[in-house]
Amino acid sequence: MDPVLTDAELVKAVLAGKGAAYGDLIRRYERSVRAATLAVLGDFHAAEDATQETFVVAYRKLDALLRPSAFGAWVLRIAHRQALRAVRKHRAAETLDPNVAVQAPHNGRLDEDSEGLLTAVAALPEHERRVVMLHYFDGHSVAVISAMCGRPLGTVTKQLARARERLRGRLCKEAKP
């Protein structure tokens with residue numbers, strides 16, 4: 001079994017010319033990035049476009065990343081900015097073409113519960129949001145997340161537990177009339 005490389009090790013490998021390592025970073029964060037863009041855009045197809053653009057922008061700016069171990073948080077910030085750009089671009093198109101607003105909605109729209117969950121996850125502190133997204137959105141085990149983040153297993157377990165408690169509290173509060 002191959003050892004799990006940390007984000008920092010993968011970033012350093014990419015910067016050293018090993019392009020395949022960037023594919024590993026994409027596979028590691030693709031679902032998390034998609035969820036982050038989906039939370040802003042509310043449309044699966046638009047989120048897919050923003051996700052692809054996020055990884056292109058991140059690759060181009062990878063040498064500017066000061067802390068390679070912070071790749072996950074960094075790429076999620078880029079994803080958020082890309083999603084906001086997509087929203088602004090869509091609004092600009094609406095002002096140029098008034099018929100855009102009356103077109104039928106995409107089939108990839110989120111239902112209210114999914115949108116609420118993504119909003120609640122986005123509101124978590126960064127360190128908790130990251131482990132939640134890696135575990136629940138990307139399907140990584142706690143042990144793998146621990147290795148990826150370079151954090152003790154107990155720390156990751158505690159962050160997940162705290163995040164679940166915050167989410168439970170927030171979602172229960174929203175569900176009450």
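Gln82 counts as buried, at 9% relative accessibility; buried means under 20% relative accessible area, exposed over 50%, and partly exposed in between, with a 1.4 Å probe and protein chains only. This is a predicted model, in which local features need pLDDT of at least 70 and side-chain atom pairs count only at pLDDT 80 or more, while totals for chains, interfaces and linings use all residues. Residues are numbered from 1 along each chain as its sequence is written, and side-chain values use heavy atoms, with hydrogens and water left out.

**Gln82 and its surroundings**

- Gln82 sits in helix α4, residues 71-96; helices (H or I, at least four residues) and strands (E, at least two) are DSSP runs, numbered from the N terminus.
- Leaving aside residues up to four places away in sequence, Gln82 touches Ala50, Glu53, Thr54 and Val57, where contact means heavy atoms within 4.5 Å.
- Val57 and Gln82 are 25 residues apart in sequence, and their C-alpha atoms are 9.0 Å apart in space.

**The chain as a whole**

- The protein chain has eight helices and zero strands, in the order α-α-α-α-α-α-α-α along the sequence.
- Of its 177 residues, 39% count as buried.
- Among contacts with a separation of 6 or more in the protein chain, 62% come from residues 24 or more positions apart.
- The protein chain exposes about 10,600 Å², of which carbon and sulfur atoms supply 54%; accessible areas come from the Shrake-Rupley method with a 1.4 Å probe, and for residues only the protein chains shown count as cover.

**Other buried places**

- Helix α5 (residues 112-122) has Gly116, Leu118, Ala120 and Val121 buried.
- The cover over the buried residues of α5 includes α2 (20-41), α6 (126-137) and α8.
- His140 lies in the loop between α6 and α7 and is buried, with a relative accessible area of 18%.
- Not counting residues up to four places away in sequence, His140 touches Arg28, Leu134, His135, Ile145 and Met148.

- Lys61, Arg67, Arg77, Arg81, Arg85, Arg88 and Arg151 form a positive surface patch.
- Patches are made of residues with over 30% relative accessible area and no salt bridge, with like charges joined within 9 Å and nonpolar side chains (Val, Leu, Ile, Met, Phe, Trp, Tyr) within 5 Å.
- A salt bridge is a side-chain nitrogen of Lys or Arg within 4 Å of a carboxyl oxygen of Asp or Glu.
- Lys and Arg count as positive and Asp and Glu as negative, while His and the chain ends are not counted.
- Arg151 is in the loop between α7 (142-149) and α8 (153-175), and is partly exposed at a relative accessible area of 37%.

Key. The place of a charge is taken as NZ of Lys, CZ of Arg, CG of Asp or CD of Glu.
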